[in-house]
Amino acid sequence: MSDPVLPQRARVVVVGGGVIGCSVAYHLAHMGWKDVVLLERAQLTSGTTWHAAGLIVTFGSTSETSTEMRKYTRDLYARLEAETGMSTGFKPVGFIEVACEKDRLEEYRRVSAFNRYCGVDVHEISPNEVRDLFPLAKTDDILAGFYVKEDGRANPVDLTMALAKGARQKGATIVENCPVTDFTTKNGAVSGVVTPFGTIECEYVVNCAGMWARQLGAKVGVTIPLQPAEHYYLITEKIDGMVPSLPVLEDPGSYGYFREEVGGLMVGLFEPVCAPWKIEGVPEDFTFGELNPDWDRMGQYVEKAMRRVPVSVETGIRKFFCGPESFTPDLAPIVGEAPELKNFFVAAGMNSIGILTGGGMGRMLAHWIVNGRPDADITGINIDRLHKYQSNPEYRKTRTVESLGMVYQCHYPTRSMMTARDAKRSAVHDKLAARGAYFRDVSGWEGADWYAEPGTTPDPGPLSWGRQSWFPRWKAEHDATREGVILMDMSFMAKFSVQGRDAGRLLNTLSGNQVDGAPGTITYTQWLNEDGKLEADLTVTKLDDERYWVVASDTAHRHVETRMRRHFGDAHAFVTDVTGGYAQLNVQGPRSRELMQSLTTADLSNEAFPFRTAREIDIGFARALCVRITYLGELGYELYVPTEQAAHVYDRIVTAGEKVGLRHAGLKALASLRMEKGYRDYGHDIDNTDSVLEAGLGFALDLKKPGGFIGKEAVVAKKAEGPLKRRLLQVQLRDPEPMMFHAELVKRDGKTVGYVRAASYGFTLGGAVGLAMIEAGQPIDPAYIENGTWEVEIANKNHPALASMKPLYDPTNAKIKA
Ligand SMILES: Cc1cc2nc3c(=O)[nH]c(=O)nc-3n(C[C@H](O)[C@H](O)[C@H](O)COP(=O)(O)OP(=O)(O)OC[C@H]3O[C@@H](n4cnc5c(N)ncnc54)[C@H](O)[C@@H]3O)c2cc1C
């Protein structure tokens, strides 16, 4: 075989010729970029793609981004043959997901309503209808099925080849047998790819190297913490009466999915406890590879799955297939521009749905590269949500077992990841544990979620869609914040010290609000992109003319840091990540001033220390940055304490707190308190697809400040368009009983106008409360809100609700300024 001939230069080099790489190349070429080169180590599809089962399913996600990708992908595979002349093997044979347990039924009812809103034509069907559609299935224990007639299956190799042909037809170059061995960089950006056959200079690289992506990224310091694991299906001998038009059946409770395969049955498996493969690294020469199936481990799952389709138990097995697939720490893909290296994009870690999301993934990434930003909510999949320690071998080995296992579990809204825990502990962790804290995973930190009765061990009890055992404990913490005083450890918040002569000016250009005013002031602000859409939601505290304190939520840690570093460039402004160097202890509630004043000689009176003040104060033998601000909607203080003094300050607060009835409060209380006040949480209820005005955050903009800010022109233009037709509203259920979590549909006068992005329980308001993005198609003004009858649909039932633009709790901010 002769050596491949490579161009010297390309605008973008895509690494990897699986479904994802070919889709990225296809979409870049279709967006008009001619200078696209795809390099494949061996042959197209030779990694994971060749052996995928090819399920094409649009049902099942409560992420709008994922659902849109699935819909787009299905449509693309259906039309690709007309464009390329190559069949994708797409057969819309239909898809049925069955629920055999009460909680799963609840989950699928919630999901199906949301999916219908997103344009997926899913119907709940009876067990008899499941049997009519899939006569081989045992249906006596099925509660219901969820059926999408238009879904089905495709041939992964054929559809990848069709994408590759479509890319070539539009001018892309695809080179096989050409491994990328390294990259070149210049000024913090990627500048080329290195291969045994020469180097290609380029502006952009897209790492679509599947399970090799982590190793490849590591060559240039890019963190891609994915891990391959064994993944299985078996194919039976021929079964009498089997027809290719049989729908795909999925039964997560039995660990299996089922479809026709050359006259027999394919039984695919997602076992609850999986086996990661090659922790040390994937061999470079693993091509069209298979793994030896582990019958001993898998036998019990195979048996359970096969019982769903009894004829399969009596039929011989033709092939028990095991191949590796990449899984990620949170079961979401790893997508976007690497924070470590500009113009180095990644699309990997597909968690077993790379085929059914592949088309949409390629489309989104191409838009991101060509337009400079994505056109979908990427907060949950952005590569910058992940941290370097997650690439550690032990972390990957431990967490992957849970990730794959989660696929077929009931997805309870309050479930926390349980493996690879204790990676990050705050300085007062053990003290909180002694107080009965129940911890959950907060971006790797142990976050106190709620506190058990003193002297008892926290026991969360079974997960559910209703109220869990700790509901009364949560309420007590919530009420204590509204009526007395609480202590909350939020040391997991991302904290940055930003210093330098240019720091204030540059932070002000990033910020929609004025953050460079008087020293000793904290300012709540958003960072926008040129479209006036949200990139971050955070606080900036000006300590003095050359020192600033930037605090963002844990999930935005690297996004915020990267945005600052890229914006500052060579200017005299320097970012130091001080997250681990400072604990954040929050003292909040109407009696917080009384408590704090008993601890310090600083004057904390409203006159001397008003709302939005920041000052270093003494507490015992310690110094702390004390900021009068709240995320809970009460009078309160946030204390930033050097880690080595955190235990001391904590002890002082707790001892003094005895006199005023101080209670510890956890993150469940944080969620319910902030939600009553309508405070936003980036990545949960607001994201990069929302304009700052639609998010209801126009009040935090300073349109008159000298020098303006990034995104100002777009904001001004949007304002000029007149009243908004899309806006975030607070919604509260009138019935105190039902719970809301996420993705519940919001209706006005019987018509669905949006969905709940995030929700909690409003103990003070007296019912579930959430933030919902409303797409009204008409101006959203007070009349629109007052003249409508509002309802929220939860698991097939409509519940009366009220909607509001203003915070339902303390709309005049009287409490926080008291
Ligand atoms: C048993 C099984 C069943 C599955 N069933 C389904 C299903 O029904 N539906 C679904 O949606 N998904 C399914 N999946 C998952 C799906 O197969 C994957 O998500 C998808 O194929 C991943 O595609 P990819 O392009 O990211 O990776 P890959 O297909 O692995 O492509 C990566 C490519 O990069 C190349 N490469 C690596 N390193 C280099 C380098 N240095 N230089 C150049 N090239 C390089 C590799 O050779 C490879 O071709 C299944 C997976 C398994 C294992």
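**Exercise 1. Find which residues Tyr77 touches, leaving out those up to four places away in sequence.**

Step 1. Apply the contact rule: heavy atoms within 4.5 Å.
Step 2. List the partners. Tyr77 touches Val19, Ile56, Thr88, Phe90, Ala154, Leu159, Ile355, Gly358 and Gly359.
Step 3. Tyr77 is among the residues with the most contacts inside the largest nonpolar core, which has 75 residues. Such a core is a set of buried Ala, Val, Leu, Ile, Met, Phe, Trp, Tyr and Cys residues joined through side-chain atoms within 4.5 Å. Buried means under 20% relative accessible area, with a 1.4 Å probe and protein chains only.
Step 4. Note the second, separate core. Its 63 residues include Val98 and Leu341.

This is a predicted model: local features need pLDDT of at least 70, side-chain atom pairs count only at pLDDT 80 or more, and totals for chains, interfaces and linings use all residues. Residues are numbered from 1 along each chain as its sequence is written, and side-chain values use heavy atoms, without hydrogens and water.

**Exercise 2. Find the bridge partner of Val98 in strand 6.**

Step 1. Take strand 4 (residues 95-99) and strand 6 (residues 144-148). Strands are DSSP runs of E, at least two residues, numbered from the N terminus.
Step 2. Check the pairing. The two strands pair in the antiparallel sense over five bridges; pairing takes at least two DSSP bridges.
Step 3. Read off the partner: Gly145.

**Exercise 3. Find which backbone atoms lie by the ligand's oxygen and nitrogen atoms.**

Step 1. For oxygen, a polar backbone atom of Ile20 is 3.1 Å away. A backbone N or O atom of Leu55 lies 2.8 Å from a ligand oxygen.
Step 2. For nitrogen, take Ser352: a backbone N or O atom lies 2.9 Å away.

Technical notes
Helices (H or I, at least four residues) and strands (E, at least two) are DSSP runs, numbered from the N terminus. Buried means under 20% relative accessible area, exposed over 50%, partly exposed in between (1.4 Å probe, protein chains only). A polar contact is a pair of N or O atoms within 3.5 Å; within protein, one must be able to donate a hydrogen and the other to accept it, and residues adjacent in sequence count only if both atoms are side-chain atoms.
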